[in-house]
Amino acid sequence: MTATIIQLAYLFAAALFLLALRSLGQPSTARRGMQMAAFGMLIAVCATLLDQRIVSYEWLAVGVIAGGIVGYPMGMWVPMTAMPQRIAFSHAFGALAATLVGVGEYLHGLHEHTLTHGQTLALGFEVFLGSLTVTGSLMAFGKLQELLPGAPITFRGQNVSNLLLFSAGVVCLVWLVVSPYSVPFFIAIAAVGLLVGILIVLPIGGADMPVVVSLLNSYAGLAAVATGFALDNNILIVVGALDGASGFILSMAMSKAMNRSFTNILFGAFGAETGGGAVEAGGTGGEMVAISADDAALRLAFARRVIIVPGYGLAVAQAQHQVRELVDLMEKRGVDVRFAIHPVAGRMPGHMNVLLAEAGVSYDKLVDMEDINERFADADVALVVGANDVVNPAARTNRSSPIYGMPILNVQDARSIIVLKRGRGKGFSGVENDLFVSPKTNMLFGDAKQSIMQLGAEVKLA
Amino acid sequence: MTSTAVIQLFVFLLAGFVGFQTISRIPPLLHTPLMAATNAISGISLVAALVLAGADQSLLSTVLGTVAAGCATANVVGGFLITDRMLAMFKPAKVERDGAHNQ
């Protein structure tokens with residue numbers, strides 16, 4: 001009877017989780033849906049407490065209270081700019097929970113002599129993927145938080161040694177399935193997983209982190225699926241599958257937006273390729289034309305339609321609020337302002353949207369790449385703030401360019417273009433940008449925050 | 001292969017398919033909240049951790065279970081809170097910001 005109640009509670013929770021994901025399809029319903037999901041979680045946890053296998057409540061209470069104390073600041077105090085590392089960190093937490101449960105279940109089976117081949121397969125998978133995700137996520141966290149050097153760390157034969165290590169893990173797994181009671185192999189799987197997690201994130205540069213974080217999301221989900229298989233717990237399978245699907249979709253979207261193939265990502269070898277040195281693009285070799293802040297402001301103030309293209313430089317300069325103030329001033333004058341959001345603007349999928357929403361920009365003004373690209377031709381001014389590769393027309397026109405084929409924002413179609421840039425240097429990929437030397441383009445050099453504040457002050461006077 | 005394993009595979013397949021369909025429709029606008037949300041939901045491994053922590057099998061199992069329960073709870077609490085905080089920031093244009101701004 002109790003078992004049925006628990007299962008029904010899980011079913012209810014799973015339904016609410018699915019509805020919550022569905023409600024995330026629109027910003028207007030999203031919040032409500034997630035609150036329902038939180039309610040579902042509460043139901044599932046309360047029902048679990050009825051489980052007859054639980055005989056003492058002291059330790060689980062300790063765990064839950066400690067988790068709550070750690071979780072609250074992770075939810076309420078982390079700034080939105082730190083979102084990517086915050087997510088990476090909690091992937092590590094989730095994976096650690098899955099791994100420890102796997103180890104605990106293995107010990108239990110070992111003790112009671114109840115291990116089957118199937119269960120061992122699931123537990124082995126769980127511990128391998130789980131431990132890999134723990135260290136991988138911690139590495140990603142370290143790089144994003146700049147505790148570790150952000151540049152890719154590579155050495156000769158890296159891919160070969162990684163593959164060998166990975167195969168060693170798989171061999172251990174197979175061995176363990178054949179003879180479930182060989183404890184050293186179980187430990188070896190966990191150890192190899194921990195090592196692989198470190199090694200696959202090592203060669204990946206800071207700018208490629210959105211893909212890594214999404215991919216680790218997927219791995220954490222698969223570890224949860226394996227837990228569900230091992231414990232015969234359907235809600236873990238359902239949630240793990242959702243998590244895995246979400247991570248997979250996001251990694252696909254990111255890899256497409258960053259112009260990398262998916263196999264490239266799966267083997268984690270991508271960081272190494274980008275550093276290919278400066279590549280001469282097009283060879284049009286024009287000069288960048290600088291503009292003063294008051295001239296730029298006049299153009300913005302008397303435009304009808306302006307599209308702002310925010311890049312990571314905007315977030316680095318912490319200039320979101322200044323941008324919103326500038327937009328408010330322009331809108332007061334009747335200028336129609338939109339933001340063009342490239343999928344990889346920011347350090348994780350959708351990061352720029354959150355940063356601008358936090359600054360008070362309404363979501364109707366945040367337009368995705370596919371929807372805004374045809375509207376650049378109607379724009380009087382495109383204002384590029386700290387973006388480079390995502391607006392480089394070479395991605396469309398120059399076959400020899402390393403970023404050829406990458407989806408870009410069609411900024412070059414706008415009637416005129418103002419680019420805010422810190423200096424005359426190249427972007428992180430070292431690729432020349434023809435947009436900056438186009439006759440339609442004027443450059444406003446300087447710190448993004450300062451420049452935008454100047455523009456705001458001048459627009460006010462205009 | 002046992003019949004339980006087959007049922008589990010069915011559940012996995014169907015959940016994966018539904019998840020893929022549902023999540024494909026989420027606009028890039030909400031991809032960061034999506035990630036935070038799946039993170040929070042994946043804290044459901046808490047239910048397994050609770051059983052492990054409370055089952056009194058051995059000291060080691062209890063310790064593992066307690067740590068796992070702590071990690072999972074941190075994800076649940078932190079994940080749902082931060083998702084809610086983020087989603088609260090996404091506002092449509094019609095909402096009056098400070099009242100004074102709109103003509």
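Helices (H or I, at least four residues) and strands (E, at least two) are DSSP runs, numbered from the N terminus. Residues are numbered from 1 along each chain as its sequence is written, while chains are lettered from A and ligands numbered from 1 in the order in which they are written. The model is predicted: local features need pLDDT of at least 70, side-chain atom pairs count only at pLDDT 80 or more, and totals for chains, interfaces and linings use all residues.

**Confidence and domains of chain A**

The predictor's confidence in each residue is expressed as pLDDT, from 0 to 100. Chain A has a mean pLDDT of 88, and 93% of its residues reach 70 or more. Over residues 269-283 of chain A, however, the pLDDT is below 50; beyond near neighbours in sequence, this stretch has 37 contacts in the model. Two residues are in contact if their C-beta atoms, placed from the backbone, lie within 7 Å.

Domain bounds come from an automatic or database domain assignment. For chain A the assignment gives domain 1 (1-55), domain 2 (77-274) and domain 3 (293-461). The centres of domain 1 and domain 2 of chain A, taken over C-alpha atoms, are separated by 25 Å. Between these two domains of chain A, six residues of domain 1 are in contact with five residues of domain 2. On the side of domain 1 of chain A that touches domain 2 of chain A, helix α1 (residues 2-23) of chain A gives the most, with five residues. That side of domain 1 of chain A divides into six nonpolar, no polar and no charged residues. In this classification Ala, Val, Leu, Ile, Met, Phe, Trp, Tyr, Cys and Pro count as nonpolar, Asp, Glu, Lys and Arg as charged, and the others, Gly among them, as polar.

**Helix and loops of chain A**

The expected span of a helix is 1.5 Å times one less than its number of residues. The 19 residues of helix α7 (residues 183-201) of chain A should therefore span 27 Å, and the end C-alpha atoms are 28 Å apart, which agrees. A residue is buried if 20 or more other C-beta atoms lie within 10 Å of its own, exposed if 12 or fewer, and partly exposed in between, with C-beta atoms placed from the backbone. The buried residues of α7(A) include F185(A), F186(A) and I189(A), and the buried residues of this helix pack against α4, α5, α6 and α8 (209-231) of chain A.

H113(A), in the loop between α4 (83-112) and α5 (117-144) of chain A, has a phi near 55°, a positive value in a residue other than glycine. H113(A) is exposed, with 8 other C-beta atoms within 10 Å. E146(A), in the loop between α5 and α6 (158-178) of chain A, has a phi near 60°, a positive value in a residue other than glycine. E146(A) is exposed, with 10 other C-beta atoms within 10 Å.

**Chain B and the interface**

UniProt positions are given in the numbering used here, feature names are shortened, and annotations may be inferred rather than shown by experiment. An unreviewed UniProt entry lists residues 6-23, 35-53 and 59-82 of chain B under "transmembrane region". UniProt also places "domain: NAD(P) transhydrogenase alpha subunit C-terminal" (unreviewed entry) at residues 8-91 of chain B.

| Span of chain B | Helix | Strand | Distance between end C-alpha atoms |
|---|---|---|---|
| residues 6-23 | 100% helix | 0% strand | 25 Å |
| residues 35-53 | 79% helix | 0% strand | 28 Å |
| residues 8-91 | 81% helix | 0% strand | 41 Å |

Between the chains, 82 residues of chain B are in contact with 100 residues of chain A. On the side of chain B that touches chain A, α4(B) gives the most, with 29 residues. By class, that side of chain B has 48 nonpolar, 28 polar and six charged residues.
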